[in-house]
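The exercises below are meant to be worked with the sequence and the structure side by side. Try each task before reading its solution.

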Amino acid sequence: MPYTGYGSQEEKELLRSIGVERFEDLVTALPESLRLKGPVDVPPGQTELELRRLFNEAALANYDPNLTPSFLGGGLYDHDIPAVVQHMQLRSEFYTAYTPYQPEVAQGTLMTIFEFQSMVCDLTGLDVANASMYDAGSAAAEAALLAAAATGRDRILVAGTLHPHHREILKTYGLPPGLRFVDVGGEEPLRPADLAPHIDGETAALVLQQPNFFGSIESIGPLAEAVHAKGALLIVEADPVALALLAPPGELGADIVVGEGQSLGSPPSYGGPACGLFACTRALIRRLPGRLVAETVDRDGRRGFVLTLQTREQHIRREKATSNICTNNNLVALAFTITLAMLGPAGLKEMASLSLQKAHYLERALAAIPGVKRSPGGPFFREFALTLPRPAGEVIDAIHRDARILAGIDLGRLVPGGSNRLLVAVTEKRTRQEMDLFASALERSLA
Amino acid sequence: MRNPRDFRLIYDRSVPGHRGYRLPACDVPEEPIEALIPGPMARARPPRLPEVAEPEIVRHYIRLSVLNHHVDKAAYPLGSCTMKYNPKVNEDLARIPGLAGLHPMAPVDLCQGLLSLLHRFTVELAEIVGMDTVSLHPAAGAQGEMLGIRLARAYHDARGNKKRTVIIPDSAHGTNPATARMVGYETLELKSRADGRLDIDALREMVTDETAALMVTNPNTLGHFETEIEEAARIVHAVDGLLYMDGANLNAMLGLARPGDMGADLVHINLHKTFSTPHGGGGPGAGPVGVKQRLVPFLPVPTIVERAGRYDLDYDRPQSIGRLHPHVGQVGIILRAMAYMRSLGSEGLARVSRAAIVNANYLMKLIDDDYPVAFPGPCMHEFVVSCSWMKKHGVKNIDVAKRMLDLGVHAPTVSFPLIVPDCLMIEPTESESRASLDSLAEVFRQIAREARETPQVVIDAPHDTPVRRLDEGGAARKLAVRWIPDSASEGA
């Protein structure tokens with residue numbers, strides 16, 4: 001019997017020790033009407049060998065990520081992962097431990113979270129970061145709920161350049177408790193003038209993304225001023241790799257910075273598990289959702305770390321909690337932490353600079369093709385949107401058939417009137433050769 | 001566990017100029033960064049990340065790791081958390097590059113293998129819990145609860161029902177009331193009966209036309225099956241309310257009984273509990289939600305559908321609540337759970353719950369002289385004991401928990417459920433062997449002896465862990481929540 005401590009002979013002995021004859025004597029509380037009469041209809045148990053076959057065959061029916069250069073982004077990016085990350089993540093001590101509720105035997109987890117919080121603070125330019133959320137989308141939604149609670153207002157302005165999926169998640173979280181959402185601006189980077197018709201004394205926050213969904217860099221400073229002038233908060237969803245080169249949003253006036261941590265240390269994994277980053281100003285610390293680790297001392301005066309301000313959380317505050325969340329995507333946060341430790345400040349900057357340079361190289365090559373135009377404009381980091389003379393879905397398929405390259409994201413379902421538009425992301429992993437091949441395949445697909 | 005006593009952070013190991021990872025040279029013509037990123041948008045100072053070479057990084061994280069207790073080391077009888085063994089093959093399977101490396105925005109025709117696994121898991125998981133289908137989207141149990149109550153709200157709104165309240169027993173997890181509030185409902189607390197079970201008469205009194213849902217954990221947090229669950233379902237359904245079942249304790253019911261057959265309209269399943277995916281020191285988990293047919297129209301987009309042997313993502317769902325997850329859920333966790341479910345099969349799944357129940361009853365029998373059970377009688381997969389008698393020796397339940405850490409096992413859950421004073425909640429899981437349960441029982445009995453004879457040993461515990469009891473009040477006052485260069489100490 002896999003994964004249980006014993007077989008049926010021992011079960012008899014255990015039942016005897018308990019003082020019952022049969023297993024059924026232990027479950028008499030279950031009404032007979034509810035007892036299953038036969039086995040549930042799932043396949044019979046399989047050995048490791050058979051499971052490997054099942055999963056490997058499934059993998060073979062997908063594209064091969066190792067052999068298929070990918071220009072897909074949209075929040076999840078294909079940056080390289082140091083080998084150390086997986087070796088550390090697979091330490092039983094990290095992955096088979098529970099939430100550190102008994103800190104005396106969980107200092108390893110607590111210290112890695114403290115390091116994670118510190119790194120997120122420094123990247124975002126804020127004073128406080130929690131132990132992580134599920135993903136950037138839910139982190140943005142929790143930020144909106146926080147802003148509404150902190151300001152006592154219910155209207156959230158959402159930049160037109162925010163990731164469309166995240167805009168939907170904001171509504172899923174925010175509409176039931178009564179938030180109202182107003183889209184501001186179009187696809188170009190947001191300007192203070194775009195806010196003017198919508199921002200007033202009922203505005204709780206503005207949510208924008210840096211770099212935005214179309215890859216362009218937003219001018220945060222003037223927007224922060226406009227938002228603060230009305231007593232509202234600024235929420236910025238920022239990419240942690242981009243923050244190697246971009247000014248920390250916290251230093252430009254953001255009150256809350258959320259983000260997606262997947263691209264530092266974890267594969268895309270078809271979208272999950274990812275790792276929501278969540279940082280805020282000191283003033284908002286008691287409204288923070290999720291877990292928070294603080295440094296303290298033990299009774300012998302030695303340095304140690306604990307979960308703190310747990311009175312914000314559901315297991316203490318129940319219906320008055322700041323959120324129902326009781327997870328941090330800890331192993332993904334651990335990968336993020338170790339990756340940043342491996343990169344250090346110089347490595348992170350190189351990773352970001354390589355992505356920046358290569359993205360601009362590719363953008364020049366693709367935009368030079370007749371009929372191809374980058375839109376929207378403005379300075380960009382590692383991602384850009386192109387308008388094509390034919391449907392992006394067809395072009396993506398043609399380039400995959402022709403060159404075994406995943407050209408990018410078809411914006412058809414994501415943006416109104418976006419069927420001829422392609423979102424292209426470039427990381428340090430892409431080579432000049434792959435990009436030249438991409439450009440020639442795009443040209444052929446449009447010929 | 002006393003050594004190593006090295007509590008330096010990765011920052012404290014930083015040496016200017018060191019680094020652990022190198023990147024290739026740029027193979028395209030470069031432009032000055034200032035030309036690409038205008039001055040006001042650019043970062044002035046690099047982030048203060050540590051500068052450490054790879055061997056030192058590895059030693060650092062290994063040093064940290066050994067400060068943790070974990071399932072692969074020894075018993076972890078943490079009630080309600082189902083700290084079962086995490087099979088190794090599941091880790092390997094979920095990390096296959098042809099699965100883990102897939103981007104969710106790739107064309108679906110290039111991801112058919114993965115989608116077929118996810119689709120099959122959906123069908124099989126629905127069968128196990130007796131529901132019509134399952135949404136894989138929720139990233140955790142709490143998000144599953146949120147989806148469940150959000151779906152209930154969508155259902156009521158679509159029917160024009162004027163609902164305001166969610167009824168929750170006082171023995172429930174804190175997530176239940178927190179969730180109901182997040183979805184805009186008021187919560188009503190239902191007092192448990194003297195035997196810890198649902199008070200059906202009180203429920204009947206409390207239910208009105210405004211009742212949106214009843215949230216029930218079954219077995220309840222005392223480890224007892226809710227015998228009258230079918231009646232509770234009838235009472236709630238009579239006002240067109242919904243029965244939400246919190247699947248936190250599903251590990252007691254595999255192959256024995258199904259939430260769907262009990263009248264549940266919605267149930268979330270903690271894959272990181274019942275389906276063995278690792279807890280990871282706090283996550284990631286996954287909390288799929290099973291629903292009955294009448295809630296299917298409201299499920300979040302996209303759903304995974306099969307049409308003539310081809311798998312697709314379906315967005316054409318006009319009554320959907322919208323999107324909960326940026327993509328389709330915690331796929332890496334779902335794959336591990338699927339491997340677990342497939343390795344056991346229907347018979348193996350039934351053996352899991354059977355062994356979990358036998359183990360809990362066996363351990364309870366071994367220690368109930370010293371640790372009176374709050375509500376006697378056979379338990380399901382967990383049980384709750386009281387430490388009240390120790391108070392006359394100055395010993396509290398938390399002291400017992402801390403002393404367990406000294407003796408090499410993890411503590412049970414302390415002071416939950418809230419309705420039992422001075423309690424410990426104990427869940428051994430099916431993973432423990434008889435020998436392991438015997439030694440766990442001996443740990444409990446030793447601590448009871450100490451409480452009577454040498455209580456100070458228990459009160460001062462732990463003595464032998466990497467750190468001793470920590471100043472939590474001081475932590476909350478100082479709120480040192482990030483590393484700053486000035487405060488860097490050398491460690492003890």
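**Exercise 1.** How many helices and how many strands does the secondary structure of chain B come to?

*Solution.* Keep in mind from the start that this is a predicted model. Counting along chain B gives 14 helices and 12 strands. Taken along the principal axes, the C-alpha atoms of chain B fill a box of roughly 75 × 70 × 45 Å.

**Exercise 2.** Work out which strands stand at the edges of the open sheet of 3 strands in chain B, and find what packs on that sheet.

*Solution.* Begin with the strand order, which is β10-β12-β11 (chain B) with antiparallel pairing. From this order, β10 (383–386) and β11 (413–414) of chain B each have a single partner strand and stand at the edges, so one side of each is left without a neighbour in the sheet. Looking then at one pairing in detail, β11(B) joins strand β12 (residues 423–426) of chain B in the antiparallel sense over 2 bridges, and B:V414 has B:L424 in β12(B) as its bridge partner. Finally, helix α11 (residues 397–406) of chain B packs on the sheet, where it touches β11 and β12 of chain B, and its direction makes about 45° with that of β12(B).

**Exercise 3.** Describe how helix α12 (residues 392–403) of chain A packs against helix α13 (residues 432–446) of chain A.

*Solution.* Two packed helices are described by the angle between their axes and the distance between the axes. For α12(A) and α13(A), the angle is about 120° and the axes are 9 Å apart. That angle makes α12(A) oblique to α13(A), and their crossing is right-handed. As for the residues, A:V395, A:A398, A:I399, A:D402 and A:A403 in α12(A) meet A:L437, A:F438, A:A441, A:L442, A:R444 and A:S445 in α13(A). Sorted by kind, the residues of this contact divide into 8 nonpolar, 1 polar and 2 charged.

**Exercise 4.** How many residues does the contact take from chain A and from chain B?

*Solution.* The contact takes 173 residues from chain A and 176 residues from chain B. On the side of chain A that touches chain B, the largest share, 23 residues, comes from helix α11 (residues 330–367) of chain A. The residues of that side divide into 94 nonpolar, 48 polar and 31 charged.

Note on methods: Residues are numbered from 1 along each chain as its sequence is written. Chains are lettered from A and ligands numbered from 1 in the order in which they are written. This is a predicted model: local features need pLDDT of at least 70, side-chain atom pairs count only at pLDDT 80 or more; totals for chains, interfaces and linings use all residues. Axes are lines fitted to C-alpha atoms, for helices over the stretch in contact, and angles run from 0 to 180 degrees between N-to-C directions. Helices (H or I, at least four residues) and strands (E, at least two) are DSSP runs, numbered from the N terminus. Angles under 35 degrees count as roughly parallel, over 145 as roughly antiparallel, 65 to 115 as roughly perpendicular and the rest as oblique. A crossing is left-handed if the near helix is turned anticlockwise from the far one by less than a right angle, and right-handed if clockwise. Two residues are in contact if their C-beta atoms, placed from the backbone, lie within 7 Å. Ala, Val, Leu, Ile, Met, Phe, Trp, Tyr, Cys and Pro count as nonpolar, Asp, Glu, Lys and Arg as charged, and the others, Gly among them, as polar. Two strands pair if DSSP finds at least two bridges between them.
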